[in-house]
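Keep the viewer open while reading.

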Amino acid sequence: MLHLRILRYNSRLTRMEKGIQRWIVDISEWNPSPIEFWSAVSVLPKHQHSSIYRYVKLEDRKRALVSRLLQYALVHQVLGIPYNEIVIRSTVEGKPYVHYDEMRPEFPNFNFSVSHHGDLVAIASEPFCLVGLDIVSHALPVKETPQQFISSFSSHFSSIEWDKIINAGTHYDILQELYRYWSLKESFVKAIGSGLRYKLDALEFNHVSWTNISVKLLGEELRQWKFWHFELRKRYYVSITRGSPHMATENFKQTLGQTEYDEDEYSLGFNLPNTSFICRSIEQLIPSEL
């Protein structure tokens with residue numbers, strides 16, 4: 001009997017691991033002609049087109065397009081929904097989610113988070129826990145001095161965080177520290193479905209050399225949350241958050257299939273291994289039949 005339970009547990013674990021995806025696209029490697037760009041746009045439902053063409057600059061249009069292509073391609077691969085039957089909507093706070101007309105797939109809380117900055121556009125998904133993703137390019141500010149740029153963020157950090165930021169060293173060191181904390185905060189609020197529910201200074205992150213990361217909300221440590229933070233390509237900081245569906249905003253919570261669970265159920269999803277980012281091309285995001 002115990003052997004059978006172990007087999008069932010391992011089988012479920014293997015299935016759930018399929019719901020953990022990390023994809024990334026470098027848009028600098030894609031230079032489409034107007035016809036090629038429109039061809040890629042036409043893959044998406046018509047109501048998505050205006051959200052792409054509302055941007056004037058090509059680079060901004062590329063980010064918007066690739067962000068949406070990633071969502072549809074990932075949902076198609078993980079959930080097996082035919083491409084032309086995928087319905088992606090957003091909560092009033094702007095959190096994208098998959099809308100199901102009929103029975104949900106095997107992942108009750110499948111959700112994803114998209115982020116882009118500079119040349120990179122990425123997506124992360126989870127089968128049970130909430131997921132938040134944020135990418136930030138740690139470039140020098142263009143329209144402000146480093147001092148002006150840094151000081152404009154002071155109200156978004158706790159006193160402990162701000163002390164670590166401003167004492168990091170040179171202006172460049174301070175900027176890097178600021179970007180790291182900012183990325184973590186953004187990944188958390190994106191995971192719960194809103195950037196407005198809490199003020200950012202209510203979140204206080206602690207870490208050991210940017211590992212063993214923990215967070216306090218209004219002074220109380222949140223134990224059912226995990227964070228991964230790393231540098232990508234010597235230019236970007238990436239933060240991934242995994243946490244409890246209990247903390248989703250009410251609008252986002254209504255899109256989830258299972259917000260009540262026991263400790264064992266949550267432990268299964270919470271302790272799933274993280275995975276590395278897979279580089280995708282534009283061609284790989286568009287099914288051959290389309």
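A cavity is a set of points, on a 1 Å grid over the protein atoms alone, where a 1.4 Å probe fits but cannot get out. A pocket is an open set with protein on both sides within 12 Å along at least five of seven lines. Lining residues have an atom within 4 Å of a point. This is a predicted model, in which local features need pLDDT of at least 70, side-chain atom pairs count only at pLDDT 80 or more, and totals for chains, interfaces and linings use all residues. Residues are numbered from 1 along each chain as its sequence is written, and side-chain values use heavy atoms, with hydrogens and water left out.

The whole structure holds 1 cavity of 30 Å³ or more. Around the largest cavity sit Pro-96, Tyr-97, Val-98, Phe-110, Asn-111, Phe-112, Phe-252, Thr-255 and Leu-256. Strand β3 (96-98) gives the most to this lining, with 3 residues. By class, the lining has 7 nonpolar, 2 polar and no charged residues. Here Ala, Val, Leu, Ile, Met, Phe, Trp, Tyr, Cys and Pro count as nonpolar, Asp, Glu, Lys and Arg as charged, and the others, Gly among them, as polar.

Now the open spaces. The largest pocket has a volume of about 870 Å³. It is lined by 43 residues, and Val-114, Ser-115, His-116, Glu-186 and Lys-190 are the closest to its centre. That lining divides into 19 nonpolar, 14 polar and 10 charged residues. The second largest pocket holds about 270 Å³. Of its 15 lining residues, Ile-81, Glu-85, Tyr-100, Asp-101 and Glu-102 are the closest to the centre. Its classes are 9 nonpolar, 2 polar and 4 charged.

Finally, the helices. Helix α2 (residues 34-41) and helix α4 (residues 58-79) have axes that come within 10 Å and cross at roughly 30°. That makes α2 roughly parallel to α4, a label for angles under 35 degrees. Axes are lines fitted to C-alpha atoms, for helices over the stretch in contact, and angles run from 0 to 180 degrees between N-to-C directions. Phe-37, Ala-40 and Val-41 of α2 meet Leu-58, Arg-61, Lys-62, Leu-65 and Leu-69 of α4, with contact meaning heavy atoms within 4.5 Å. This contact has 6 nonpolar, no polar and 2 charged residues. Helices (H or I, at least four residues) and strands (E, at least two) are DSSP runs, numbered from the N terminus.

Notes:
Angles under 35 degrees count as roughly parallel, over 145 as roughly antiparallel, 65 to 115 as roughly perpendicular and the rest as oblique. Grid points are joined across faces, edges and corners, and a volume is the space filled by probe spheres set on the points.
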